[in-house]
Amino acid sequence: VIELGEDGGFDISNATTSTSESASTPPSQPQDDSIPSESKTVSKNNTTSNIEPKEKKEVENVSQDKKDTKDKDGDDSPPPVGNGGTVDGKYVWTQTLSELTVTSPLPENTRGRDLNVSIKKKHLKIGLKSSNQIIVDAPLTKQIIVDDSFWTVEDGNRLVVSLQKMNQMEWWDAVCAGDPTIDVTKVQPENSKLDDLDGETRQTVEKMMFDQRQKAMGMPTSDEQRKFEMLEKFKKSHPEMDFSNAKIS
């Protein structure tokens, strides 16, 4: 402490004394030094033990994320045969962009009059009259054009049903509701057929395939991407506007 003396000078006697006393007084030992080194080690080990599970969990989470990504990206299963599938005990089906073909096995020497086949816009029914056996009786997953759909018996032992799609720019993942589905992202139309299409139609098909894959991965479609880009350009042109609640529809 430095004080102003009566003569107008600085009185530093107290400061000197205080400094001397401070100098003569040995510094107090830090509180931590009173803790035995062995105890410190235990404390550090405990701290490490508390951190390790968290770090281990984070490492496990990262490893799991990498595994999930690898499973998605490394799926090398072949595309569905005929871009369709099999419903055990009922039928085999294939498809093109415009139609589906459903083939169902029948008893030998079966004729058309032995069958009960009903094709509706959103429903398919196939049954045997003689045994009252119902092979299929379920709603279709998508709509069809009834007037352009038909069925026939081939070789007396199988029924072939041709269903014309209402929307001829999309792939079906199943024929009837409740049946096993296929992965439409793996559908591969024949290159020759794709090459035969005119430029505009081919672009439409390729866009449709791209959008199908994007939807399957939870990603924006080509139209959604285009709208997002337009919104971003509009934002840059109007920085004074608030777009915090802007939505793309």
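Author: Buried means under 20% relative accessible area, exposed over 50%, and partly exposed in between, with a 1.4 Å probe and protein chains only.

Reader: OK, so how many of the 249 residues count as buried?

Author: In the protein chain, 24% of the 249 residues do. This is a predicted model: local features need pLDDT of at least 70, side-chain atom pairs count only at pLDDT 80 or more, and totals for chains, interfaces and linings use all residues. Residues are numbered from 1 along each chain as its sequence is written, and side-chain values use heavy atoms, without hydrogens and water.

Reader: How many helices and strands are there?

Author: The protein chain has 5 helices and 10 strands. Both are DSSP runs numbered from the N terminus: helices are H or I, at least four residues, and strands are E, at least two.

Reader: New topic. How many salt bridges does the structure hold?

Author: It holds 4. A salt bridge puts a side-chain nitrogen of Lys or Arg within 4 Å of a carboxyl oxygen of Asp or Glu.

Reader: Which residue does K235 meet in a salt bridge?

Author: E232, at 3.5 Å from N to O. Both lie in helix α5 (residues 222–237), 3 residues apart, about one turn of the helix. K235 is partly exposed at 28%, and E232 is partly exposed at 27%.

Reader: Where do E170 and K142 sit?

Author: They form a salt bridge, with the closest N and O atoms 4.0 Å apart. E170 is in the loop between β10 (158–165) and α3 (191–196), and K142 in the loop between β8 (133–139) and β9 (144–154). The pair is 28 residues apart and links distant parts of the chain.

Reader: Which residues form a network?

Author: Salt bridges link E154, D155 and R158.
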